[in-house]
Amino acid sequence: MKKAEGAFLTISELAGELGLPQHILRYWETRFPQLRPLQRSGNRRYYRPDDVALARRIHHLLHVEGFTVKGAQKALADGEGAAGAAPADAPAEHLVVRLEGIRAALAAALKL
């Protein structure tokens with residue numbers, strides 16, 4: 001059964017969605033002070049929609065873009081990691097232009 005869009009997620013639901021073990025999310029809570037899920041009795045964690053968006057952004061920075069934890073912390077602090085800047089929200093044209101720039105830079109590097 002799928003939850004509604006704005007529903008809180010448990011740590012196991014979020015970990016399953018991201019394809020990570022739960023201890024990684026707990027570790028991220030120690031390294032990224034912005035990530036603060038609600039904790040109920042028995043330390044049960046409930047991730048709000050903003051927390052979920054931030055966890056997705058952290059996952060993207062670390063596992064897709066290849067940032068280190070310190071680099072991801074800096075990117076989030078500099079505003080690069082704002083919740084609205086999630087890769088799924090980026091316009092396709094922007095991504096194409098970025099990829100073409102990377103391809104051009106790689107082609108120029110190969111000619112050297």
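1. In this predicted model, the axes of helix α3 and helix α4 (residues 69-77) come within 9 Å of each other and cross at roughly 130°. That angle makes α3 oblique to α4, and the crossing is right-handed. On the α3 side the contact is made by Leu54, Arg57, Ile58, Leu61 and Leu62, while α4 contributes Val69, Ala72, Ala75 and Leu76. Sorted by class, the contact of α3 with α4 holds eight nonpolar residues, no polar ones and one charged residue.

2. Leaving aside residues up to four places away in sequence, Asp51 touches Gln34, Leu35, Arg36, Pro37 and Tyr46.

3. Helix α1 (residues 11-18) has Ile11, Leu14, Ala15 and Leu18 as its buried residues. These cover an arc of only 100° around the axis, and so they lie on the same side of α1. As background, an α-helix has 3.6 residues a turn, so residues three or four places apart point the same way.

4. What do the buried residues of α1 pack against? Their partners are β1 (9-10), α2 (22-31), β3 (44-47) and α3, the helix that also crosses α4. After α1 comes Gly19, and the phi of Gly19 is positive, near 70°.

Conventions
Residues are numbered from 1 along each chain as its sequence is written. This is a predicted model: local features need pLDDT of at least 70, side-chain atom pairs count only at pLDDT 80 or more; totals for chains, interfaces and linings use all residues. Side-chain values use heavy atoms; hydrogens and water are left out. Contact means heavy atoms within 4.5 Å. Buried means under 20% relative accessible area, exposed over 50%, partly exposed in between (1.4 Å probe, protein chains only). Helices (H or I, at least four residues) and strands (E, at least two) are DSSP runs, numbered from the N terminus. The arc is that of the directions from the helix axis to the C-beta atoms. Axes are lines fitted to C-alpha atoms, for helices over the stretch in contact, and angles run from 0 to 180 degrees between N-to-C directions. Angles under 35 degrees count as roughly parallel, over 145 as roughly antiparallel, 65 to 115 as roughly perpendicular and the rest as oblique. A crossing is left-handed if the near helix is turned anticlockwise from the far one by less than a right angle, and right-handed if clockwise. Ala, Val, Leu, Ile, Met, Phe, Trp, Tyr, Cys and Pro count as nonpolar, Asp, Glu, Lys and Arg as charged, and the others, Gly among them, as polar.
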